[in-house]
Amino acid sequence: MSNTDFALAVEDLTVSFDGFKAIDTLTLYIDKNELRVIIGPNGAGKTTLLDLICGKTRASSGSIKFKNTELTRMAEYRRVRMGIGRKFQTPSIYENLSVFQNLEVSYPGGRSVFGALGFKCTDEVKAKVQVVAEDIGLADKLDTEAGLLSHGQKQWLEIGMLLMQEPELLMLDEPIAGMSSRERELTAELLQRICKNRAVIVIEHDMEFVKRIAHKVTVMHQGKILAEGPMEQVQADPKVIDVYLGH
Ligand SMILES: Nc1ncnc2c1ncn2[C@@H]1O[C@H](COP(=O)(O)OP(=O)(O)OP(=O)(O)O)[C@@H](O)[C@H]1O
């Protein structure tokens, strides 16, 4: 297996569930600082691919390398420590804590929600919270209880909680689901900002949004890659129109 300059190198990846190959000899490379969008019909294997990368699901065969380190047999928490962040569709924020506290508890080695002794909210943590809060557009909401935020703001807060850990690969599953059109616009800007110093993978069905954010699009179908390239190229591909965009 070769060393690569990619942030993420997935090679010949396969996972079978009772003989059904949800991911089938898939190869995919993601550059550092790249924002890649994965599209494809329901059941194509998009979520399963993210599950394999973050360690929620174990591969049957193949290789996943992150910064040239083989991940396939590494525990999920170690992948997080290596710099892989994953956001699921439903936000998992602490509704009773303030925006500031939600960000603070996400700082690596920081205070746990249960208030571990010995942790001081240092200037370093405060400064980091401030930077992240500005990135996610919640700098004026630091004292607001998270439960009072709008749906979109909750999603941004969860992205912020991941950013506190400075991930080098961030994976987001349908980040704009349920958002207003203004929130979608702001999320596009947010994603463009945060991919400047990390690789970002987004699963998305909203083609207008994909057009706005994607550097490159990967189209999945039946556990394999059907097409890959700039949005204009993928959109004009008859195979993609046939299985996905034409529906
Ligand atoms: N743990 C599992 N056990 C059995 N089958 C599974 C498991 N996880 C996923 N699958 C199957 O693998 C296939 C791919 O599912 P996956 O959720 O990855 O698709 P998807 O592209 O994310 O679809 P959607 O756009 O609907 O979210 C589906 O047929 C699904 O039923």
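Student: What should I know about the numbering and the model before I start?

Tutor: Residues are numbered from 1 along each chain as its sequence is written. The model is predicted: local features need pLDDT of at least 70, side-chain atom pairs count only at pLDDT 80 or more, and totals for chains, interfaces and linings use all residues.

Student: How many helices and strands are there in the protein?

Tutor: Helices (H or I, at least four residues) and strands (E, at least two) are DSSP runs, numbered from the N terminus. The protein has 9 helices and 10 strands. Its radius of gyration, taken over C-alpha atoms, is 18 Å, close to the 18 Å from the globule rule for 247 residues, so the protein is as compact as a globular protein of that length. That rule is 2.2 Å times the number of residues to the power 0.38.

Student: How do strands pair in a sheet, parallel or antiparallel?

Tutor: Strands of a sheet pair through backbone hydrogen bonds, either parallel or antiparallel. Two strands count as paired if DSSP finds at least two bridges between them. Here an open sheet of 4 strands has the order S2-S1-S4-S5, with antiparallel pairing. Strand S2 (20–30) and strand S5 (69–70) stand at the edges, each with a single partner strand, so one side of each has no neighbour in the sheet. S2 and strand S1 (residues 8–17) are joined by 7 bridges, and leucine 13 stands opposite leucine 26 in S2.

Student: Which strands pair with S3 in the parallel sense?

Tutor: Strand S3 (residues 35–39) pairs in that sense with strand S8 (residues 199–203) over 4 bridges, valine 37 having valine 202 as its bridge partner. Another 4 bridges join S3 to strand S9 (residues 216–221), also parallel, and there isoleucine 39 has valine 219 as its partner.

Student: Which way do the residues of S3 point?

Tutor: In a regular strand the side chains alternate between the two faces of the sheet. Leu35, Val37 and Ile39 point one way from S3, and Arg36 and Ile38 the other way. All are buried (20 or more other C-beta atoms within 10 Å of the residue's own, with C-beta atoms placed from the backbone). S3 is therefore largely enclosed by the rest of the structure.

Student: Which residues surround the ligand?

Tutor: A residue is near a molecule if its C-beta atom, placed from the backbone, lies within 6 Å of it. The ligand is surrounded by residues including Phe17, Asn42, Lys46 and Thr47. Helix H1 (residues 46–54) gives the most to this shell, with 3 residues.

Notes: A residue is buried if 20 or more other C-beta atoms lie within 10 Å of its own, exposed if 12 or fewer, and partly exposed in between; C-beta atoms are placed from the backbone.
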